[in-house]
Amino acid sequence: MLELPEAVTIARQMDQELKSKRIAAIVRGSSPHKFAFYTRPGAAYQWILKGSTLGDSREHGNAILTAVGADHYLVLGGGGERIIFHPNAETLPKKHQLLLQFEDDTYLTVTVSGWGNIMLLQPSELAGHPHVGERRISPISDAYTFAHFQGLFADLKVEDKRSVKYFAISGPGIWGVGNGCLQDILFRAKIHPRRRALDLNAQERQALHAAAREMLTEAAALGGRDCERDLYNQPGGYQRILHSKMVGEPCPECQTPIEKMRYLGGASYFCPACQV
Ligand SMILES: [Zn+2]
């Protein structure tokens, strides 16, 4: 699943590679996929996209917004989309849910695995959209200070029982972070995913804030995580610390075997000794 480091990477690459390209032809849903989320009927994708020129691309949490024509965004990301640029037709995949052919005979394809967004939205539709929502402060920007992060805890009522995992990926969430990046963020912060968010002391909150910024900044700079692909179908350079193959393997810090638990709709990997 694409998260912030991959959205940053792919948006940067799309901005460089695709800006000013004009769309000559489009194919939508050549391979039907129940969980590819479109926002308009197929005919509308044709008339909005065909003949339009791509503008700026930028990340928006775990999504990528690309300006299309004068008044739409193509919104990709946030799910299991593979977004690939093809310099010619030789590498086109058999199955895809969106194909854009540009006038210079280069291509962009989007193939969904699991579920994914291939949305066309007008700017006014963005803010209230359940998958993308309003623009928030990026955790890798300078504006994401510790004071801002503290403020997120201050919004919780004293009896609030939400865990750190829920706090970090759902409510309020660290923008663009999902269950993937969360594993290494909690490992670096030495915090167990089940800890009650409000029970974190000042030092632990500081550690969580710093770990999130460091992990995300590093992964974005390295072209995303090693389990995901960039616009050129290359794996990211960020080597994950905790993932499925680490279960039972020694913790890189203390040698205790790494454990797995299912928690809040997804696996959590953690060191039972380091993360308390
Ligand atoms: Zn450990």
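I began with an open sheet of 5 strands in the order β2-β9-β5-β4-β3, with mixed pairing. β2 (36-37) and β3 (54-60) stand at its edges with a single partner strand each, so one side of each has no neighbour in the sheet. Strands here are DSSP runs of E, at least two residues long, and helices are runs of H or I of at least four, numbered from the N terminus; two strands pair if DSSP finds at least two bridges between them.

A note on the source: this is a predicted model, where local features need pLDDT of at least 70, side-chain atom pairs count only at pLDDT 80 or more, and totals for chains, interfaces and linings use all residues. Residues are numbered from 1 along each chain as its sequence is written, and side-chain values use heavy atoms, leaving out hydrogens and water.

Next I looked up β5 (residues 72-77) and β9 (residues 116-121), which pair in the antiparallel sense over 4 bridges. L76 stands opposite I118 in β9. Helix α1 (residues 4-18) packs on this sheet and touches β3, β4 (63-68) and β5, its direction making about 170 degrees with that of β3. Contact means heavy atoms within 4.5 Å. Axes are lines fitted to C-alpha atoms, for helices over the stretch in contact, with angles from 0 to 180 degrees between N-to-C directions.

Then I turned to an open sheet of 4 strands, ordered β1-β7-β8-β6 with antiparallel pairing. Its edge strands, β1 (23-28) and β6 (81-86), each pair on one side only. I found β7 (residues 98-102) joined to β8 (residues 107-112) by 4 bridges, with L98 opposite V110 in β8. α1 packs on this sheet too, touching β6, β7 and β8.
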